[in-house]
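Me: I'd like to learn how to read the packing in a model like this one. Can you walk me through it?

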Amino acid sequence: MKGNEAIAEAAIQAGCRHYFGYPITPQTEIAAYMAKRMPKIGGTFLQAESEIAAINMVYGVSSAGKRVMTSSSSPGISLKSEGLSYLAGSDLPALVVNAQRGGPGLGGIQPSQSDYFQATRGGGHGDYHMIVLAPSSVQEMADLTIKGFELADQYRMTAMVLADGTIGQMMEPVSFDFEIKEQIAKPWATTGTKMARKHNVVNSLYLNPEQLEKTNFERYERYEVIKQNETLCEEYLCDDADIIIAAFGIAARVSKNAVNEARANGIKAGLIRPITLWPFPEKVFAKHAEHAKQIISVELSMGQMIEDVRLATSCKVPVTLCCRVGGMIPTPDQVYNAIVEANEKGGK
Amino acid sequence: MIVFDRPKSLIDVPFHYCPGCTHGIVHRLVAEAIDELGIEGKTVGIAPVGCSVMAYDYFNCDMIEAAHGRAPAVATGVKRSDPDNLIVFTYQGDGDLASIGTAETVHAAARNENITVIFINNAIYGMTGGQMAPTSLPGQVTQTSPYGRDVNLCGYPVKICEMLSELEGPEYLERVTVNSVKNVYNAKRAIKKAFQNQIDGKGFSLIEVISSCPTNWGMTPKEALKWIDDKMIPYYPLGVYKDRSAGILGGAQKEAK
């Protein structure tokens with residue numbers, strides 16, 4: 001199964017019955033899958049007139065308390081960013097997939113990770129975050145989609161699956177043997193009062209600054225809980241590592257090969273693979289900064305996650321960048337050579 | 001005995017609208033329609049960005065505040081979340097519906113989305129202090145057209161009912177006004193029909209209400225109501241632009257028939 005299809009099937013298994021999208025490469029398989037499946041299971045697939053309309057349709061379904069998703073790729077996510085901000089301001093759950101492609105502008109259609117800042121900082125205007133999940137296999141495309149729906153409902157916020165063109169197009173076996181948790185109640189949803197309760201209002205407007213400040217503080221208290229409880233990462237051969245690679249998604253798969261090669265050649269290399277990009281696994285980086293000589297951030301961007309790595313390690317250890325951009329992917333050899341070079345220089 | 005009472009689906013709080021503004025009348029008409037059709041408990045309203053941004057403080061049914069222009073897309077999502085049990089309306093001004101949200105308006109109409117749209121056309125941006133709207137008349141003086149709307153510089157007003165009537169999608173399009181008792185009654189009939197159409201599953205119904213903005217037009221409320229008769233209605237003729245069930249089609253469809 002293709003990675004994009006795994007996302008679509010997992011969403012259906014998670015109880016999502018509403019999908020809204022607008023065509024853009026390289027994530028079209030998700031829409032195509034939904035267009036086929038949704039009518040057969042009593043769900044809604046609708047091709048919206050724009051990404052902006054699609055995210056606002058998501059906003060509508062979410063307001064009414066149902067699981068809902070949209071997917072797009074980088075330029076489309078920019079258009080959705082207005083809606084992402086409103087979803088955050090109204091504390092609405094939603095699942096959004098970004099199969100990243102190279103940018104800026106129209107860029108290209110080949111894989112990229114250059115929307116890291118946009119995703120981890122929220123994308124739209126105002127103080128907010130999304131939970132950002134970064135799959136590095138087709139299985140994880142499915143797993144993290146289901147997890148994304150659950151976290152979105154639990155914390156009333158958007159969960160973004162930040163994938164890339166490679167994982168989206170990649171074919172791997174995937175198991176759908178999930179235990180789907182019962183969906184939590186949403187007493188705040190606008191489902192009609194049925195004349196049995198006060199009216200519910202879904203809103204992000206607060207003209208009173210004290211009140212708006214309060215909603216921001218409350219939201220960030222919730223974010224602290226998420227940081228404590230929901231941070232996910234994979235640590236691979238890190239405990240004795242001199243050289244640690246920081247990489248997520250497709251870059252992490254490439255890097256793992258390089259780490260194995262380094263180990264085979266007697267270099268103590270390891271890999272930290274953040275699975276949640278927000279919240280960022282700061283503590284894991286801080287821990288390994290104590291013994292690592294150098295951290296290499298391997299990215300399909302001009303260096304975006306590297307800033308979070310530096311913040312998490314309080315610059316206790318040199319952090320360097322190994323990257324390809326514009327739709328290019330680093331080879332294991334490129335990463336291996338970076339490890340060798342770092343090991344020879346010795347870092348701190 | 002006829003008792004003049006507040007509609008139940010209107011919360012008993014004072015409106016924030018300026019004196020002489022017709023938003024209050026239209027709010028009341030919408031609430032009366034909801035009451036009379038007995039649908040308050042299943043209705044979800046979508047407020048726009050503009051003067052009626054806080055409509056959620058006035059209607060007793062469930063309410064959602066949408067981003068500027070996006071109400072028809074939000075309404076599409078809400079309606080499709082539970083099409084058999086929810087009645088969904090949007091309440092939008094001219095800047096919201098006919099400028100920034102034109103795409104959402106046109107495509108909701110083209111899909112014949114089974115929703116009710118109340119469109120307030122007062123030819124100006126009220127909330128932000130009186131800027132030129134897509135519906136401002138040629139020559140109309142506003143904050144951003146201080147020498148009058150120059151059609152050579154910024155084009156002509158958008159006539160929403162005429163434009164949408166060219167589409168096969170929508171069920172019902174009517175332009176009304178509320179500047180006299182008679183016109184208020186007529187507007188009430190149209191608004192109620194727009195909700196009844198949704199109950200009957202007929203599809204997209206839009207009522208354009210020619211409204212006044214005395215504050216930003218720089219007029220007394222009375223002068224503003226007269227300006228509707230003298231200037232607005234000649235440019236925006238009242239009437240039914242499409243009513244598919246009644247066999248009234250618009251534009252090219254009419255000629256083809």
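**Strands, helices and contacts**

Reply: Let's begin with one pair: A:V202 stands opposite B:I64, which sits in strand 2 of chain B. This is a predicted model, where local features need pLDDT of at least 70, side-chain atom pairs count only at pLDDT 80 or more, and totals for chains, interfaces and linings use all residues. Residues are numbered from 1 along each chain as its sequence is written, while chains are lettered from A and ligands numbered from 1 in the order in which they are written.

Me: How many residues of chain A are in contact with chain B?

Reply: 33 residues of chain A touch 30 residues of chain B, where contact means C-beta atoms, placed from the backbone, within 7 Å. Helix 3 of chain A gives the most to its side, with 9 residues. By class, that side of chain A has 14 nonpolar, 15 polar and 4 charged residues. Ala, Val, Leu, Ile, Met, Phe, Trp, Tyr, Cys and Pro count as nonpolar, Asp, Glu, Lys and Arg as charged, and the others, Gly among them, as polar.

Me: At what angle do helix 1 and helix 7 of chain B pack?

Reply: Two packed helices are described by the angle between their axes and the distance between the axes. Helix 1 (residues 23-37) and helix 7 (residues 181-199) of chain B pack at about 45 degrees, with axes 9 Å apart. That makes helix 1 of chain B oblique to helix 7 of chain B. Angles under 35 degrees are roughly parallel, over 145 roughly antiparallel, 65 to 115 roughly perpendicular, and the rest oblique. Axes are lines fitted to C-alpha atoms, for helices over the stretch in contact, and angles run from 0 to 180 degrees between N-to-C directions. The contact of helix 1 with helix 7 of chain B has 11 nonpolar, 1 polar and 4 charged residues.

Me: Which way does helix 9 of chain A cross helix 12 of chain A, left-handed or right-handed?

Reply: Right-handed. The axes of helix 9 (residues 249-264) and helix 12 (residues 332-345) of chain A come within 8 Å and cross at roughly 50 degrees, so these two helices of chain A are oblique to each other. Among the contact residues are A:V254 and A:A258 of helix 9 and A:V335 and A:I339 of helix 12.

Me: What is the strand order in the open sheet of chain A?

Reply: The order is 8-10-9-12-13, and the pairing of these 5 strands is mixed. Strand 8 (233-236) and strand 13 (319-323) of chain A are at the edges, each with a single partner strand, so one side of each has no neighbour in the sheet. Strand 8 of chain A runs antiparallel to strand 10 (residues 269-274), joined by 4 bridges, and A:E235 stands opposite A:I272 in strand 10 of chain A. Helix 12 of chain A packs on this sheet, touching strand 9, strand 10, strand 12 (294-299) and strand 13 of chain A.

Notes. Contact = placed C-beta atoms within 7 Å. Pairing = 2+ DSSP bridges. Left-handed = near helix turned anticlockwise from the far one by under 90°.
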